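Please look over the structure below with the following notes at hand.

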Amino acid sequence: LSVPLDAVAVEITVNGIVYRRTVDARTTLADFVRDELLLTGTKLGCEHGVCGACTVLVDSASARSCITLAAQVEGRSVTTVEGLSNAREMNALQASFREHHGLQCGFCTAGFLVTATELLDAGGPIDEELIRNRLSGNLCRCTGYETIVDSVAAVAGVRKDG
Amino acid sequence: MTEPHMTVPPVKPRGIGARLSRAEDQKLLTGHGEYVADVRLPGELHMAVARSTMPHARIVSIDTDAARVATGVHAVWTAADVTPVCAGMEGALAVEGCVPTVMPILADGVARYVGEAIAVAVADTRAAAEDACDLVLVEYDPLPAVTDPIAALAGGPRANDTLEDNVALRGGKTYGDVEAAFARADRVVEAVYQTGRLAPAPIECRGCVARHSWSTGELKLWTSTQVPHLVGYLVSLYLGFPEHLVEVLTPDTGGGFGLKAHVYPEELLVCLLARELDQPVKWVEDRREQLLASIHAHEQIVRIAYALDADARIIAQRVEALGDGGAYHSVPWSMAVEPWCTAVMNAHGVYDIPEFEYTYEAAATNKSPIGAYRGVGYMANSLVHEALADEAARELGLDPFEFRRRNVVESFPYSNPQSITYEEGSWAESIDELERLVDHAAFRERQTRLREQGRYVGLGISIFVESSGESTETSQAFGLADTYYDTATVRMEPQGKVTVTTGLTTQGQGNRITMAQVASDALGVPVEDITVRCGESTKYAYGSGTIGSRAAVVAGGAVLRSANVIATKLKRVASTMLEASELDIVLDGGKAMVAGMPSRFVELGDVATAIYFDSSFRTDGFEPELEVTMNYDPARPIFSNGAHAFIVEVDVETGLVHVEHAFAVEDCGTMINPAVVEGQIRGGMTQGLGCALFEELIYDESGQILTTTFADYLLPSMDVVPRFSFRHIETPSSHSPAGIKGMGESGLIASPGAMLNAVNDALSPLSVTLRRLPLTPERILAALDSAKRSVAE
């Protein structure tokens, strides 16, 4: 039953900074950013890849950091919630969440912001149905989602009943 | 008798009522929130829990030898290490017929449900602690598992051998001659409804970190909780840490919904281990553990009958509420929080029912303990009243709004047969308002049109009254012996800015902004100049817990009372500075001014500076402190009310329910912040949607739980939750602060009934009436199938 500690050297860019670390092979990307880099904005909600709270971008594609190993993203570029906005200012999406009351307890919020960023950055046409479809893999227990939809839609320029 | 601590000063709403954003949002949106798992203490160790794999078994032996010597492991504890310090936590609700149980900290000799904590390992890392738990070898001798609550109440093997039988709760009461009323009734309608076993499932699981210093004896416990003072009290009471040396800290909390309103064994264990190991010890629950072993909720089987007269008026009612309680009473709410609340609180729903009787009972079973989840037994109460109202209406050929109008309480104050007084409300008005909001006539036309095309849409409504502002007087009015104690401290700083500290925590509700709005109006200080701390440390204001839709009312009252004392001092000093009468001084916009003479003013900052630093004002008995702590406990029960609805379409081929739209009419008195109110309704109704359609913790007959991931226990996601429409009615309470009423739970109280009614309305032409939640596709298809077969026969 004892698990051998396999050390793996990784070089991972997180929010634009290159980190070189030696980690236990079983270290998840979530534990890597939270425990090694102390970027605790990424949250663990289920640790089995369903709730989406831990979502980060890996080379601009969303990924569940709780079921991604740090070793799997060797050489790649990761963006966490801390990397979404420039220093000391919320970006337009974050400001929109605040304006639309798109968060309550805030624990799922980083995952929603990251998933929505992927959608917005993709640049295609966006409507409410697409927002609801693409963000349906992120669970929120507080808001009932409507204000999250509104937060994202406002940034995407979607008309409220469009 | 109304005592001073039950009385609040009047306040003129200015900031109260505004849709203001929250100060904490920027922190939470940029990844800078600090939740318990983010609290990092130097030298911290990590605890993991080895849990029972058996529903009911004698523990023959526990072999921890391999675990103790594993790399990085500091300690492995079993009951043998813990029981000598604490034999467990006693649980029971102080109501008639509730038999207490003692929940061990670690299972001692017998495991009574799958997931019960048996041993803990502490190691350098969480992974090493979890590995060590895998090395703990438990030898079990299986005992019969009790899983059926009805059979359990009738007799047979016991789920918990410390009880005389499986009856952990039993009681009831009759008001009036119910038997005679049923005998003379024109018609009796009766049904049995069943709700699923639910998980509150806040997205942040539970967690706690303890640090103890042998040099000072101080214990600090960071925990994700709604009841920090209760946690601190029990840590002291059960474990012997002197209470003046215990500080419970509540960091940012990722939702609670009642799950975090309990005290759990892990919170006691980290304290003991931190003292033993002289290093901080942290435990962070994972989702599997939470679905296994944090409290479960809301499962009940409720029989209800209405005796109706010839005019479709309910002349009497019977309710029998039965709960499946799990192996122990949860601490402090117990398994009575379901059936007792269902039977006793707002026993008649919103209807004027002159005579009724109820029974409540709960079975001990070999399952995770039942505890409090948003709406507690009020949800099942609302569900059965509203579902049976629809069934009665259908049987009588009345529309559901009309049936309710004939029965709803219309005139206030209304004193019910239990001698509870409902002082005011818009119960009847909310029915009319909901009918307009859903555009009832247009919906029926569309429904008829679609039925002709073989499509089945339905409208379900649910009218509710919610007990809010949970207080000592509310508790005693309903025969429950609970006492509440809550304070708030308001301090004006030397430059006129304000710090408010409440004893009540916040888990996302927005209490910081709402309390800032209350303090702002009381002091005339802009909201942005006020910072609010909500139960962050038990060393400051005291709180009985953010539960029972009470925070806005109770914290609001304590803030208002404290702020009012400061406002009076500010006026007195300002009157000297402005050479005007105290009675003419108005505080507004950060200024003290002479009424009607806006040019004669002094900045509140200057008034505060004078009180702090200018001794010339300290004359004539003037007490110079600008820091006041006061208690508030509402003088009488406070009830909010409203009406919810869903429109759905049921696909009769797949059994899937598509939810088109949600509607809410809410009357929580004076609204402090409509954005917060609507946020609470959306969130609660979404949980109600999940309760009605998706969510169910399932045990098999052997007592194994089958739903331990979010792939098995389904929360509503964004693609299945509809848009919402709101109407607000404001009927202020005559005695609460600014007339506000609590409303945190209503979304989950009323909406499951609305959803059940919507699906039954959709399927009514097919002779299908469902009565068991959740309404899974399997259950809907099975009901359609059996209806088809009975027609064929």
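This is a predicted model: local features need pLDDT of at least 70, side-chain atom pairs count only at pLDDT 80 or more; totals for chains, interfaces and linings use all residues.

Residues are numbered from 1 along each chain as its sequence is written, chains are lettered from A and ligands numbered from 1 in the order in which they are written, and side-chain values use heavy atoms, with hydrogens and water left out.

**A pair of helices**

Helices (H or I, at least four residues) and strands (E, at least two) are DSSP runs, numbered from the N terminus. In chain B, the axes of helix H16 (residues 511–523) and helix H17 (residues 551–578) come within 8 Å and cross at roughly 30°. That makes H16(B) roughly parallel to H17(B), since angles under 35 degrees count as roughly parallel, over 145 as roughly antiparallel, 65 to 115 as roughly perpendicular and the rest as oblique. The axes are lines fitted to C-alpha atoms, for helices over the stretch in contact, and the angles run from 0 to 180 degrees between N-to-C directions.

Contact means heavy atoms within 4.5 Å. On the H16(B) side the meeting residues are B:Asn511, B:Met515, B:Val518, B:Ala519, B:Ala522 and B:Leu523, and among their partners in H17(B) are B:Ala555, B:Gly556, B:Val559 and B:Leu560. The residues of this contact between H16(B) and H17(B) divide into 14 nonpolar, two polar and no charged; here Ala, Val, Leu, Ile, Met, Phe, Trp, Tyr, Cys and Pro count as nonpolar, Asp, Glu, Lys and Arg as charged, and the others, Gly among them, as polar.

B:Val559, in helix H17 of chain B, is buried, with a relative accessible area of 0%, where buried means under 20% relative accessible area, exposed over 50% and partly exposed in between (1.4 Å probe, protein chains only). Leaving aside neighbours within four places in sequence, B:Val559 is in contact with B:Met515, B:Val518 and B:Ala519, and also with B:Ala488, B:Val490, B:Val500 and B:Thr502. The C-alpha atoms of B:Val559 and B:Thr501 are separated by 8.3 Å, although these residues are 58 residues apart along the chain.

Most residues other than glycine have a negative phi, and most peptide bonds are trans.

| Site | Feature | Value |
|---|---|---|
| B:Val331 to B:Pro332 | cis peptide bond | omega near 5° |
| B:Leu773 to B:Pro774 | cis peptide bond | omega near -5° |
| B:Phe257 | positive phi | about 60° |
| B:His298 | positive phi | near 70° |

B:Pro332 is found in the loop between strand S16 (314–324) and helix H10 (339–344) of chain B, and B:Pro774 in the loop between helix H20 (746–763) and helix H21 (777–792) of chain B. B:Phe257 lies in the loop between strand S13 (246–249) and helix H8 (265–277) of chain B and counts as buried at 14% relative accessibility. B:His298, in the loop between helix H9 (287–293) and strand S15 (300–308) of chain B, is likewise buried, with a relative accessible area of 0%.

**Side chains that reach backbone oxygens**

A polar contact is a pair of N or O atoms within 3.5 Å; within protein, one must be able to donate a hydrogen and the other to accept it, and residues adjacent in sequence count only if both atoms are side-chain atoms. B:Ser462, in strand S20 (residues 456–468) of chain B, counts as buried at 0% relative accessibility, and its side chain reaches the backbone oxygen of B:Ala750 at 2.8 Å. Apart from neighbours within four places in sequence, the contacts of B:Ser462 include B:Ser382, B:Glu386 and B:His644.

B:Gln279, in the loop between H8 and strand S14 (281–284) of chain B, counts as partly exposed at 26% relative accessibility. The side chain of B:Gln279 reaches the backbone oxygen of B:Gly43 at 3.0 Å, and the C-alpha atoms of B:Gln279 and B:Leu41, 238 residues apart along the chain, are separated by 9.3 Å.
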